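Thanks for coming. I have one chain to go through, so please look at the sequence and the model first.

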Amino acid sequence: APPRAPPGGFALTPEPPALTSVPLVSDQEQLDEEINNLRKELRVKVNRLYEAQGKAELKGFNLNPMTAEEMKLINRILEG
């Protein structure tokens with residue numbers, strides 16, 4: 001007999017890992033790009049707000065997060 005759906009009506013069936021990993025990687029890359037774009041837009045908006053309020057620009061606000069490669073290098077240095 002085929003598996004019955006749970007009371008909510010949806011049943012998840014396992015997918016082979018090879019079929020699911022490629023879309024997840026491209027989805028993650030797209031999300032990373034969207035997050036970076038939102039961060040850049042936020043910086044501009046915050047600077048405009050501070051300028052309109054007559055306040056000085058935030059220091060350190062224009063910093064960028066380190067990449068995974070940069071983090072690996074830092075960890076190697078710290079581990080000695």
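How much accessible surface does the chain have, and what share of it belongs to carbon and sulfur atoms? About 7700 Å², with 61% belonging to carbon and sulfur; areas come from the Shrake-Rupley method with a 1.4 Å probe, and for residues only the protein chains shown count as cover.

This is a predicted model, in which local features need pLDDT of at least 70 and side-chain atom pairs pLDDT 80 or more, while totals for chains, interfaces and linings use all residues. Residues are numbered from 1 along each chain as its sequence is written, and side-chain values use heavy atoms, without hydrogens and water.

The chain has two helices and zero strands; these are DSSP runs, H or I of at least four residues for helices and E of at least two for strands, numbered from the N terminus. Of the 80 residues, 2% count as buried, meaning under 20% relative accessible area, with exposed over 50% and partly exposed in between.

Arg 43 sits in helix α1. Arg 43 is buried but has no salt bridge, which would be a Lys or Arg side-chain nitrogen within 4 Å of an Asp or Glu carboxyl oxygen. Its nearest side chain of opposite charge, Glu 57, is 9.4 Å away; Lys and Arg count as positive, Asp and Glu as negative, with His and chain ends not counted.

Now Met 66, in the loop between α1 (17-52) and α2 (68-79). Met 66 counts as partly exposed because its relative accessibility is 45%.

Finally, just after α2, Gly 80 takes a positive phi of about 90 degrees.

How values were computed
Buried < 20%, exposed > 50% of the residue type's maximum accessible area, 1.4 Å probe, protein only.
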